[in-house]
Amino acid sequence: MTRKPRGRDERSPLSSLALHATLVVATTIALFPVVWVLLASLKPQDAIQSTEIHLFDHPTLENYRRVLFETSFPHWFLNSVVVAIFTMVIGISMSATAGYALSRFNFPGKRGVMWLFLITQMFPVAILIVPIYTIMANLGLIDTKASLVIAYCSVAVPFCTWMLRGYFDTIPPELDDAAALDGLGPFKTFWYVVLPLARPGLAVTAFYTFLTAWGEVAYAIAFILSDKNLTLGAGLQQFVPRFNPQWDLLTAGAVLIMLPASLVFYFAQKHLVAGLTAGGTKG
Amino acid sequence: MSLSTAAGSGVTPGPARRGRLRRTFDKHWYAWAMVAPTIFVLGALVLYPLVRGILQSFTNLTETNQRAEVCSKTLGGAESCTPNPDRWHWVGLHNYTDLLTGERGHFWLLLENTIVWTLACVLLHYLIGLGLAVLLNRNFRGRSLYRVLLIVPWAVPAFVSAFAWKFLFNPKFGLINSVLVHLGLDPVEWFNHRWTAMFAAVVTNVWLGVPFMMVAILGGLQSIPAELYEAAEMDGTSPWQRFRHVTVPGLRPVSSTVILLGTIWTFNMFPIIYFVTGGQPAGETEILVTGSYRAAFEGLRNYSLAATYGVVILALLVVYAAAYRRVLKSKGEVW
């Protein structure tokens, strides 16, 4: 029996169907916890705790009203925004400059620095958290946002430097040379020539740092003591203590937390694949 | 003194060396200036705490014995301080022997959990990520829509996913048990057994981690030259053969990086276990990182025991990374 070998991009209707079916199932699994939490957040408390499966059950915004006006949630939210934005700005500035230097210049100590960045990825939060806690206590920074920004930068910067270095490597160094010929110093070249070209890479890194800060909990629970200073990760768990958890507050809070993350995500995602590839394959 | 004479003559070693230093500095100062802030912060916040943490693991430091002085207020309001008689002191390897023999904590249980947890998560991350990436790497309508939707779990913060899944796995009214009941099956008390609780945590983490793997592998797939596939097709190979002999080798650089990173990240993954199982039932699903955290910040804060856990975790990861690198090297990988 002879059969014409099929090219890669032609498919029989059957395999096309299988392809779409698989992807639809995968997409459903990816979305349904988010959708279910969203649906649950619109139900009154007794409906959330019912064993019957209803998509909608007396939809109401009461849970949101309570979360926003009767709990410390707005404080936590604001704290998280401040911490995440500061971490993002400081982290990006540091890792972009360091990544550029590592990508362009051959200077003594470069290899050591690269190793340092890779190795810090391995340090478990478990070994650093107690000493960092002691340092913060000595500096009087416990229970402040600054302690969290500093701690998160130390987590995010090595990875971002590594990724941005990979991204800068893909920008032709001839551009730097041309800028140098035009009389721009290394800092100006970096600022006016390379940074604008590196926007996609910067977007991914910004996304990464933002999410690191937005979603971190271990440091947040350990460093922050007073209710008003908590960030979302540490605060949200107060809605669901082991006894008498309030899932109505939790689901509404969870939706409000996912919103900004998905906004940042939406803006970063079109650069996501390109940026990660450039950083990732470099290794 | 001009630079050229000092460097050129080379007779007097002192100035010549200074000249060379000077020239190195002139040539590289901006590179160093760009790296310096990062190095400084990492030094202060990663290396210094690391050294401190290692030292702490050889002491008996806890919440109660950390003060150098004990102060008490007198009636007049003045403070009088005396040296703390029960101050922490060096205990050598005491913490390590206690930990490894199970005298304090449940190290071997935690290690077993950590290994099961890491293996299951990384394996599923990689296989599902690879499968989806291969599907998404084809040309078909709606591909970019699928891609955006499939990355959604990545945009959800880990602790939110943890609560979302804990909600779904809720034994009383969770969606999963409701579905089981509808299908005529018995509901499962997810958090009353070690392995069902671990299963819930693994499901959560797999859901959370697949998008990263998928995106990274997709990037790797797109960097494989299309000519390789065309050549393979000309030779009349089957799709499986093309996958086996073109895709898999072409992905190796990306795979080796993401698997190593994925293992390290999963090994240290704190929020999922902490929030989903919370160690239920009775600490049987605790992993090393959460165990260390609880030692440090719950009950009587035992900083030295937590540090000991940390050192052991770090040692395990370093050994793993070294072995991993060795295996790659023996296969001729340049990494």
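UniProt positions are given in the numbering used here, feature names are shortened, and annotations may be inferred rather than shown by experiment. This is a predicted model, in which local features need pLDDT of at least 70, side-chain atom pairs count only at pLDDT 80 or more, and totals for chains, interfaces and linings use all residues. Residues are numbered from 1 along each chain as its sequence is written, chains are lettered from A in the order in which they are written, and side-chain values use heavy atoms, without hydrogens or water.

View 1. An unreviewed UniProt entry lists "transmembrane region" at residues 29–51, 115–136, 148–168, 195–218, 258–276 and 303–323 of chain B.

View 2. For chain A, the unreviewed UniProt entry gives residues 21–42, 76–102, 114–136, 148–168 and 249–268. Residues 148–168 of chain A are 100% helix, and their end C-alpha atoms are 29 Å apart. Residues 249–268 of chain A are 100% helix too, with 29 Å between the end C-alpha atoms.

**View 3. The fold of chain A.** Chain A has 13 helices and zero strands. Its C-alpha atoms fill a box of roughly 80 × 70 × 35 Å along the principal axes. The radius of gyration, taken over C-alpha atoms, is 24 Å; a compact globule of 283 residues would have one near 19 Å (the rule is 2.2 Å times the number of residues to the power 0.38).

**View 4. Pro186(A) and its contacts.** Pro186(A) lies in helix 9 of chain A, which covers residues 186–197. Pro186(A) counts as partly exposed because its relative accessibility is 28%. Beyond its neighbours within four places in sequence, Pro186(A) is in contact (heavy atoms within 4.5 Å) with Tyr100(A) and Phe105(A), and with Tyr30(B) and Met34(B). Ile129(A) is 57 residues from Pro186(A) in sequence, and their C-alpha atoms are 37 Å apart in space.

Methods:
Helix = DSSP H or I, 4+ residues; strand = E, 2+ residues; numbered from the N terminus. Buried < 20%, exposed > 50% of the residue type's maximum accessible area, 1.4 Å probe, protein only.
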